[in-house]
Each structure stands twice: as C-alpha cells, then as structure tokens.
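Please open the model in your viewer and keep the sequence panel beside it. The stops below say what to select next and what can be found there.

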Amino acid sequence: MAEALDLHTVGDLLHHYPRRYAERGELTTLADLPLDEHVTVVARVADARVLTFNGARGRGQRLEVTITDGSGRLQLVFFGKGVHKPHKDLLPGTRAMFSGKVSVFNRKTQLAHPAYELLRGEEGDGAVDSWAGALIPIYPATTKLESWKIAKAVDAVLPRAADALDPLPPALREGRGLTDLPDALHRIHRPRTKADVADARERLKWDEAFVLQVALARRRYADAQLPAVARRPVPGGLLDAFDAKLPFTLTGGQEKVSKEIFDDLATEHPMHRLLQGEVGSGKTLVALRAMLAVVDAGGQAAMLAPTEVLAQQHHRSVTEMMGELAQGGMLGGAEHATKVVLLTGSMSASARRSALLDLVTGEAGIVIGTHALIEDKVKFHDLGLVVVDEQHRFGVEQRDALRGKGKQPPHLLVMTATPIPRTVAMTVFGDLETSVLDQLPAGRSPIASHVVPAADKPHFLARAWERVREEVENGHQAYVVCPRIGDEEDERKGKAAKDDGADKRPPLAVLDVADHLAKGPLAGLRVEVLHGRMPPDDKDAVMRRFAAGEADVLVATTVIEVGVNVPNATAMVIMDADRFGVSQLHQLRGRVGRGSAPGLCLLVTEMPEASPARGRLAAVAATLDGFELSRIDLEQRREGDVLGQAQSGVRSSLRVLAVIEDEEVIAAAREEAVAVVAADPELERLPELRTALAALLDEEREQYLEKG
C-alpha cells in the first residue's frame, strides 16, 4: 500500500479520502465510463454465459457477464482457467463492486478480468446489514490495490481517528460551526447520509485552507520584520526624464499598479509583489519605471530572465526605451543617464569583466541577466530592487541567492504572464502581494484562433499551410511550433507524452517538420530552425535574422514561448497542439498580433473530436482571456501541489480543497490566519496547529516557503 499510493502512516490512510460514494439505489452511471481509466462500479449481474472458442492452443473458454445499473450495460470478460470462480459467483441478480480498466473491444465498452467484491450472500447477514443503506466509499485506487481493500484497511485504523490532533483553534471552529476532526474523519470514511459527507468535507477543507494560509501568513509576518532601505523616487530625476520622453500615456492599469509598487518601495521592509499581466500588457514598462525610481534613490536594480535569448531581448528593449538615458558616462548621454549592462553566461571574458566592474562601482544602475547574475563573483554597489521575470521558470534557490547580494534584503518584484486566478495567487504566491495588469495597451491587434483537426479533415491542414503562404506574400512572417527537437533526442519524450487516447506516435519534431515544409508545402519560402540545444550565438543569430525580416518562417520549440517580440510575425501554427498545456498555448499565441496587423493562431491536432484534448483546444480557441483560460486549465488539471508548485515533486497537499471552487473558504481562511498570526506569531498557544504546520511543511516545502 505504501508503494502503490504513497501511504505510509495511519495518518496518511485516514487522510486518503474516498473519491466518491456509491449508493445501493443509484450507482455510477455505466453509460459514461471514461476510457482507459481504472474505475470501480457497483452494479447487478444481468446475465452470464460461457462461450467456447478455438484458440491457438485448441479449445478455450470465455465467460461474458453483462452488468447493469439502470443507466447502461457493461460487459465483463474472463478467460481461460480464470472463468470458474466468477462463473459460480456472478449469478444473475447478484450485486457486486467491480474494479478494472475500461477498454473497448468490438465497439463495446468492457472490463477484462475485473476484480470484484460481492455485496451480499457469502459473508452472511452481517455483511448485508453493514452494506445495506450505507454509502459505499470508493477510494482512489490502483490496479494492484482495489478500493475495497483500502476500505478494509481504513476500517482497521478508523478507531485511531479519536486521537487526531485538531489544528483549528476552538474559537474558530465554534465560531464557524464546524464539526471536530475525529468526527469529520469518521463521517468522510463511513458516512450514513450525504449530509455527513458534506459536513465532513466542509470541515476538512477548512483544515487544509487554514493551515496553508497560516504558513503563508507567518512567512509574510517574518518578511515584514526584515529591514530594507526605503527607495523613494526623486523629483526631476531619471524617472521624470524617462516619462517625459514616452511617446504615449500610461494606461489606467499601468498607473494604478505603478502606484502600488512605488508605495511598497517607500517602506522600510522589503516589497514582495507579484505583477501579473497578460502577454503584451506592458509589464516590462511598469517594471522599468520601478527600476528607474530605485536608481534615482541611489540604488541599483537587477532584472533576472530565465534564458539568454530573453535577457538579451529585455536588454535591447530597455536600452531602446531609455535611449540616451541608458548612456551614463558616455558622450551623448543625458545628464541623469545611467548605464544598463547585460550579464549572461556566454559573454566573452573581457565583456564580463567590464560589466562586473560597472556593477561593483555603481556605474551601472541597471543590470539585466540570466542566473549568471547569482554567481559568487558578482558584487553590487547597492542592490535595491530585484525584478524576476517568469517566476515559474525560476527556482526558489536562485531568488534566495540574489536576495543575499544586497546590504539589506532588496525589494522584490516578480513578473508573470501566466494569469493566475485570485484564489490561486492567494494560495501559491500567498507570500507575495498581487498586482494585476488586465488592459491591453492601444495598438495591439486581435488574434483569431482555430483548431485544425488534421486526422478528421486533412484538407484543413493543407489550407493552414496556404494561409501561412498568404501571410508571407503580404509581407508578414510566421512561427511553426513543435513539441520536440528531433535530432539525437530519444523517444522517451514520445512515451512520456500526454496520452489523451489514441496516441501512439512520438510527438512531431522541429527538424523533421522544417525539412518537410521546406521541401513541400512551404517550398520557396525562407524557413529557419530554432531550438534550445543550439549554441547561444546561433540562437541569437537566428532570432536576429527573423526579427530583421530575413527569414519568413521560424520552426521552433517552445523556446519562443516567453518574450520573443517580432511585431511583423502574424501567424502561428502549433503542431500536436494537444501536447501543450492550456496556459502554454496561450503564452505561445501571445507571440503573434504584436503589431498593427491582426494575428492568426492555428492549433493542429490529430485527437478525435470527443477527446478531452480537443475540448482543451476548443477552449483556447474560444477565448483570449488568460484568466478565464487559467481557470479552465486548473479545473482540468485539478490543483497539483499548490505549495510546492513547480518547485518540488511532492504529491498534492490538497486533498479536498479545490482552489477554484472553494474561493470563499480560502479567502475566509486567509483572514482568520492573518488574525491568528498577528496575535501569536510563534503559535505558542496553539500547539496542535504547530504540529499540523510541521506536517504540512515537511522538509521540501519548508525550504520552498523559506526561500519564497
């Protein structure tokens, strides 16, 4: 059990909650069982017959049992010597629980060799009574460990629930009318009524939400105790000079978010702010203004990008936006000018030396780089602000190391273009205050998105390549994105690929697709290739040629997902789009339509129409609202591990809490947590809560929060 489901202690088992409950009267509908999933159903045997057939080794036997639950029928199949016992057990009229993997044979849904547990008869009347009328808990199970075996194990440890430590402070529990923990555990595992289940879930959701929010509230409390240098913009300085030369006015959203940031920078403890904004909403401009304010106040600002391509691009766009203000110490530099230096791993030794010198003397007010910035050799004159781009690509250790570069902890601004619903931000980035940029600046064009079902309608794919040609003929450029690079990279990726059904071939690769396009549908166009394993100089050269319009079509992996800015690129074709996540597709799509011409995004897939993968793609095609998409994404992926989000492989700490559905619980738990921590930061009066925190923040998560 420990291995199959990662359950090691009595507590693990008590917190392994049933996924759902079957009732004697109305059961899981057999009519809509998911293919290829391991299911447990409760049903009655309608008929059973043994068929004899001539197999390869002479005569064989097959037992076919049809079961029904009123909504539909399902066939069970047993072969060979395995037919005798089920033939005796599964007489017409018998009710049982069946567990197995749903497959299709001859167009019929079936379970082959399912495990089963009879629901009456052989265990005498006691079993009937205990089963009758009660709700049958169906546990998340595996092939090796059926739901009813887990149920028996839970029965054995359920008496121990009485010793469970209750993490909720009594005042909170009574004030909110929540049942106590031992009672909630009894009710969730062995409910008598649906009301029992509802009460138990309500209570257990509070546990999860509250303990998590206490962890985050303590983190924020500790941060608020740290000292930091207040950085107030100086009138008539670099920021004012920059604003004066902007060719447009800031949007209302940019004004509002800038004010939130400037207010934070003016305080004497470190800012920890998350800046969320749609692709193209002008996050970089807001971040740059914050950096200029810090330089005005005598400090330095560092911007960290996840890749070299991005760091170079940020450096280019920042120096272009600043113009002569970025030429500090040079002829032609403006009077308030500062230096903007780039620092990446692949720079030449002399360029690197000169950049490091500018940092340590304070000559450079702004530095932009990759994690090369974090190396021990890098010393700052007075680091006041760190801007981290694309948080989810950037580990916690790196943020931590950079923090240590200031004389006091620098202010921190984290930018992400992945829109996160408010409650998720409260849960995942609960140690950061959140600012949202949700208006797009004027001049951005709409993007039309369409799903191209290559298997059902091959002529749609041919039309897609014609559309790419038309865009190029009109003087524009296009991206083609593939999930894989293709050279010596082995087929592991193919095996590990998302399986939404009929998927056997390895994912399409950049090198193969580029070759096929150049010789076939896009012959005569200038097709170039870009992927993560090319040397940095080659990558940069390709991007420069594409940006300069010297290539028509760029066939790439997701290296272009973040931040590549070529306003003349208007079309994007995403191959095997079903292999990308919803937010990734939204990110990729944000690379087109960045100029004045409208964008076009084609999502190519071979998935069948009714598959979940097609549903995801249809959702992406239907809306450009990233927040709406991130909700869809989360509902489909469920929550993953919200605490160790993308930072550690710990299994989900959330068992009953659904980040999207339980918005109210999370918001209320956050308020209660803030009050509890303010009154008793060390939780000295709440030993049970301390214990629950320790359990939640096992080693890895503790580090995650510490370094957040």
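**First stop: helix H16 and its surroundings**

Select helix H16 and show what lies around it: its buried residues pack against strand S17 (477-481), helix H18 (510-519), strand S19 (553-556), strand S20 (569-574) and strand S21 (599-605), where packing rests on contact, meaning heavy atoms within 4.5 Å. The helices (H or I, at least four residues) and strands (E, at least two) named here are DSSP runs, numbered from the N terminus. Before going further, note that this is a predicted model, in which local features need pLDDT of at least 70 and side-chain atom pairs count only at pLDDT 80 or more, whereas totals for chains, interfaces and linings use all residues. Residues are numbered from 1 along each chain as its sequence is written, and side-chain values use heavy atoms, with hydrogens and water left out.

The buried residues of H16 are Ala464, Trp465, Val468, Glu471 and Val472; buried means under 20% relative accessible area, exposed over 50%, and partly exposed in between (1.4 Å probe, protein chains only). Looking down the axis of H16, you will find these buried residues within an arc of 115 degrees, so they line one face of the helix; the arc is that of the directions from the helix axis to the C-beta atoms. Turn to the face directed away from this buried side, and the exposed residues His459 and Glu473 are there. Just after H16, select Gly475, which takes a positive phi of about 90 degrees.

**Second stop: His314**

His314 counts as buried, because its relative accessibility is 7%. Display its side chain together with that of Asp389, since the two are joined by a polar contact of 2.7 Å, that is, a pair of N or O atoms within 3.5 Å of which, within protein, one must be able to donate a hydrogen and the other to accept it, residues adjacent in sequence counting only if both atoms are side-chain atoms. Leaving aside residues up to four places away in sequence, His314 touches Thr284, Met303, Ala305, Ile368 and Asp389.

Select His113 in the loop between strand S6 (108-112) and strand S7 (115-118). Its phi is near 45 degrees, a positive value in a residue other than glycine, and at 42% relative accessibility His113 counts as partly exposed. Then select Asp576, in the loop between S20 and H20, which has a positive phi of about 50 degrees although it is not a glycine. At 4% relative accessibility, Asp576 counts as buried. As background, most residues other than glycine have a negative phi.

**Last stop: helix H24**

Finally, select helix H24 (residues 687-696), in which Leu689, Leu693 and Leu696 are buried. Seen down the axis of H24, its buried residues fall within an arc of 60 degrees, so they line one face of the helix. On the other side of H24, Ala694 and Ala695 are exposed.
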